[in-house]
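Reader: I am new to reading protein models, and I would like to go through this one step by step. Could we take the questions one at a time?

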Amino acid sequence: MYRVRSRWTGLMALFVLILLILYAALLFGGKGDETTNRNGAARWFQSLREELHISKPASEDLGWELVLVNDRYTVPDSYPEDLTTLKNGKKVDTRIYPDLQAMFDAARRDGLSLEVRSGYRTKESQQQVLDDKQAEFITEGYSQREAKKMAREWVALPGHSEHELGLAVDINAEDSGQKDELYHWLNENSWKYGFICRYPDNKSDITHVEHEPWHYRYVGKGHAKTIHEKGYCLEEYIDELNNTAS
């Protein structure tokens, strides 16, 4: 009886250990994702994290400009701190407004017409954006399961969207004929005003989000300059800061 009980206890301990390791990998896994094909293990881990609702609040240790929100980290309860309403009714974090206005003024001086298509969103409005995207794919003929998966490649789950921070803006051209010119201008100049293209076209393996040339995130002028010069996405930059600090 003692041997049987000991063997059973050992098996249970091993099982619990495996579960803990898996949980840790799902919660903290990320460095391996950077070199893994986005349709392979990285996407599998992401999907499993979402299904099991495994995530934790984003850290504020590096300052408010560098709060990292993605599929692993949720918007902290302290956000947004204070919002400013733009002329078109969209809202942004008050702290980014002066640099956002300066960037828009510079673009207009260069002959571009632009607007903030989307700024701060509540969890409810983020859910609506996700639902609308899924419905869009369904009308294109995809199954509900396919549409749900595809929508998640474009739209973050509620609680995991930078828009809920108030630090991100979707910028569109008022004149559709200027769309490509505007995206090029933003890519070349946004860093001067503290903004970065949050989801570059060559970083989807890391961000787990498809390229969005309209989505810009405020990180502050100093950080934006370094990110621009090194060709990083925000995840890479924060990894480097954390590794340097440790």
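Reader: Where in the chain does Asp 77 lie, and is Asp 77 buried or exposed?

Author: This is a predicted model, and in it Asp 77 belongs to the loop between strand E2 (73-74) and strand E3 (83-85). A residue counts as exposed when its relative accessibility is over 50%. The value for Asp 77 is 81%, so Asp 77 counts as exposed.

Reader: How far apart in space are Asp 77 and Pro 57?

Author: Along the sequence, Asp 77 and Pro 57 are 20 residues apart. In space, taken from C-alpha to C-alpha, the separation of Asp 77 and Pro 57 is 8.2 Å.

Reader: Is His 160 buried or exposed?

Author: His 160 sits in the loop between helix H5 (144-152) and strand E6 (168-173). The cut-off for a buried residue is a relative accessibility under 20%. Because the relative accessibility of His 160 is 13%, this residue counts as buried.

Reader: What is the order of the strands in the open sheet of 4 strands, and which are the edge strands?

Author: The 4 strands of this open sheet pair in an antiparallel way, in the order E5-E6-E8-E7. Neighbouring strands are turned against each other by 45° on average, with direction ignored. Strand E5 (114-118) and E7 each pair on one side only, and the edge strands are therefore E5 and E7.

Reader: What is the bridge partner of Ala 168 in E8?

Author: E6 and E8 run antiparallel and are joined by 3 bridges. For Ala 168, the bridge partner in E8 is Arg 217.

Reader: Which helix packs on the sheet, and what angle does its direction make with that of E5?

Author: Helix H3 (residues 97-109) packs on the sheet and touches E5, E6, E7 and E8. The direction of H3 makes an angle with that of E5 of about 140°.

Reader: Which backbone nitrogen does the side chain of Ser 113 reach?

Author: Ser 113 is placed in the loop between H3 and E5. Beyond its neighbours within four places in sequence, Ser 113 is in contact with Asn 172, Ala 173, Glu 174, Asp 175 and Gln 178. Ser 113 and Asp 175 are 62 residues apart along the chain, while their C-alpha atoms are separated by 6.4 Å. The side chain of Ser 113 reaches, at 3.4 Å, the backbone nitrogen of Asp 175.

Reader: How are helices H8 and H9 oriented to each other?

Author: Helix H8 (residues 221-230) and helix H9 (residues 234-245) pack with their axes 10 Å apart and at an angle of about 110°. Angles of 65 to 115 degrees count as roughly perpendicular. H8 and H9 are therefore roughly perpendicular.

Terms used: Residues numbered from 1 in each chain as written. Predicted model: local features only at pLDDT ≥ 70, side-chain atom pairs only at ≥ 80, totals over all residues. Heavy atoms only, no water. Helix = DSSP H or I, 4+ residues; strand = E, 2+ residues; numbered from the N terminus. Buried < 20%, exposed > 50% of the residue type's maximum accessible area, 1.4 Å probe, protein only. Axes fitted to C-alpha atoms, helices over the stretch in contact; angles between N-to-C directions. Parallel < 35°, antiparallel > 145°, perpendicular 65-115°, else oblique. Pairing = 2+ DSSP bridges. Contact = heavy atoms within 4.5 Å. Polar contact = N/O pair within 3.5 Å; in protein donor to acceptor, adjacent residues only side chain to side chain.
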